[in-house]
Amino acid sequence: MPFVLPPSLLETEDLALVLAFGKLSVLEACTVLGRSVQRAEAPSERVSVLHLDHPQVEAIAQLAGTHKCGPLTALLDSTSGDQGALIDLLVSYMEEKSNVSLSGYDIAEDDYEDLARSTLDGLRAKGLRKVRLLRPRGNELLSENVLKREAFDVIAFPYHNGLAMGPTVWVPDSASMRQRGTRRPAPHPDIALSPRLARTLVNLADLRPGQTILDPFCGSGTILVEAYGKSIRCLGLDNRASRVQEARENLRWSGGGVEDRGYDIRKGDARELARILRGTKVDAIVTEPLLLPRLDARPKTATAQGMIEQAAGVYNDALASMAGSIHPEGRIVIVVPAVQTMDGDEVTLTLDGRNLGLRLYQPGPVGFEYPVRLSFESTRWVRRAVYVFEPRS
Ligand SMILES: C[S@@+](CC[C@H](N)C(=O)[O-])C[C@H]1O[C@@H](n2cnc3c(N)ncnc32)[C@H](O)[C@@H]1O
């Protein structure tokens, strides 16, 4: 697990997360950290602060939709505020010739410059005279570079009319996530989502090893590969034989080339789950159908509405089929498209599970508005949004 500072620093009541997918990342964090989340604040689209009771470091390290996280260590009224606790913490881990970097999220350039300077001055005043300030491009040291130990990274963001800062303690293993996307035998970038997003969606299902997940529109199997990596049993369906073959190849590759009984990928129609599964129930369904024609430009609003209407039939039929195949304690995670139009509108496919005995999943005290839109990740003119349903008990 890629900790760049001791994991015990995450045993904090106020945890700052740099989000890969905006609100969806907050939903993942609230799911994975469960009852320990007392409150979640979103001071900007890029950062969330979670207020935790009994934080569990192992759970934090499962997060996929988070780029970085660390304890909130300095709260400043302005850039000249007291960074004492942050500086003391850094000094206890840095060496004479270490680098420090400041990653600023949604803060003004002038504030960034002032904070970078005061952090460096603070470290030098504590005797680390040869410490260098690494100036990352775009004022953000990417998590891959944090992992390479290029510098001790500090994040800073606007918070409660002032600024907040904290050291980056943990980043996900983004190199291996990227490899899973590019090195697998059937990468299929046209249709596949990123492994990072797939792992985030799988985490929303909150499954234990040995439980069963189904992706009824599995394509090349990206979601299943991520679930398989967590020792979850995988069922996949696709109505095209070539996709079934690709998903099998990718799963075999991800399991080290060994064909085993941990996955079962078949040709079939997502609208006929009761027949295909012969009435058995699965523990979770996680899927991204994205059944729209390829767009080369933003369509007119009326064209987008027509496309969404046409796709909605399959989504609704498939949702009804899924509702009948989910375990009473299970969850259905489904990605829907939100088309950006040339008129400046967004046309989103909406789903209603109430007549199917489904309710919208709301973890703990934080209320999420559905569908939960993803920030920073889209396919051409189509943005993604996510529904998470659970059977009404
Ligand atoms: C967007 S792709 C899924 C991509 C997948 N998440 C991946 O990582 O490769 C949607 C898939 O749904 C399949 N599909 C379309 N209609 C279907 C249906 N009624 N039943 C099952 N699969 C279907 C398509 O063949 C396509 O492979």
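Predicted model: local features only at pLDDT ≥ 70, side-chain atom pairs only at ≥ 80, totals over all residues.
**Entry 1: α3 against α4**

Helix α3 covers residues 84–93 and helix α4 covers residues 109–125; I read an angle of about 60 degrees between them, with the axes 10 Å apart. The two helices are therefore oblique to each other. For handedness, I noted that α3 passes α4 in a right-handed crossing.

Next I looked up who touches whom. On the α3 side I found Ile87, Leu90 and Val91, and they meet Thr119, Gly122 and Leu123 of α4. Sorted by class, this contact has four nonpolar and two polar residues, with no charged ones.

**Entry 2: α1 against α7**

Helix α1 (residues 23–33) and α7 have axes that come within 9 Å and cross at roughly 45 degrees. This pair is therefore oblique too, and here α1 passes α7 in a left-handed crossing.

I listed the residues that make the contact: from α1 they are Leu24, Leu27, Glu28, Thr31 and Val32, and from α7 they are Leu197, Thr200, Leu201, Asn203 and Leu204. My tally by class for α1 with α7 reads six nonpolar, three polar and one charged.

**Entry 3: salt bridges**

How many salt bridges does a search of the whole structure find? I got 19. I picked out a few to look at.

I began with Arg46 and Glu140, a salt bridge whose closest N and O atoms are 3.6 Å apart. Arg46 sits in the loop between β2 (37–41) and β3 (47–52), and Glu140 sits in the loop between β7 (132–134) and α5 (143–147), so this pair ties together parts that are 94 residues apart in sequence. Is Glu140 buried or exposed? With a relative accessible area of 14%, Glu140 falls under the 20% cut-off and so counts as buried. Arg46 has a relative accessible area of 22%, which makes Arg46 partly exposed.

Next came Arg199 and Glu226, whose side chains meet in a salt bridge at 2.9 Å, N to O. I placed Arg199 in helix α7 (residues 195–205) and Glu226 in helix α8 (residues 222–228), so the pair links distant parts of the chain, 27 residues apart. I checked burial for Arg199 and Glu226, and both are buried. Which residues are joined with them in a network? Salt bridges that share partners bring Arg180, Arg199 and Glu226 into one network.

I also noted the salt bridge of Asp269 with Arg271, where the closest N and O atoms are 2.9 Å apart. Arg271 is partly exposed, with a relative accessible area of 39%.

**Entry 4: Ile107**

My last stop was Ile107, which I found in the loop between β6 (99–104) and α4. Its relative accessible area is 15%, and Ile107 is buried.

What is Ile107 in contact with, once neighbours within four places in sequence are left aside? I wrote down Tyr112, Leu115, Ala156, Phe157, Pro158 and Leu163. I also looked up Ser44: Ile107 and Ser44 are 63 residues apart in sequence, and their C-alpha atoms are 9.9 Å apart in space.

Terms used:
Residues numbered from 1 in each chain as written. Heavy atoms only, no water. Axes fitted to C-alpha atoms, helices over the stretch in contact; angles between N-to-C directions. Helix = DSSP H or I, 4+ residues; strand = E, 2+ residues; numbered from the N terminus. Parallel < 35°, antiparallel > 145°, perpendicular 65-115°, else oblique. Left-handed = near helix turned anticlockwise from the far one by under 90°. Contact = heavy atoms within 4.5 Å. Nonpolar A, V, L, I, M, F, W, Y, C, P; charged D, E, K, R; others polar. Salt bridge = Lys/Arg side-chain N within 4 Å of Asp/Glu carboxyl O. Buried < 20%, exposed > 50% of the residue type's maximum accessible area, 1.4 Å probe, protein only.
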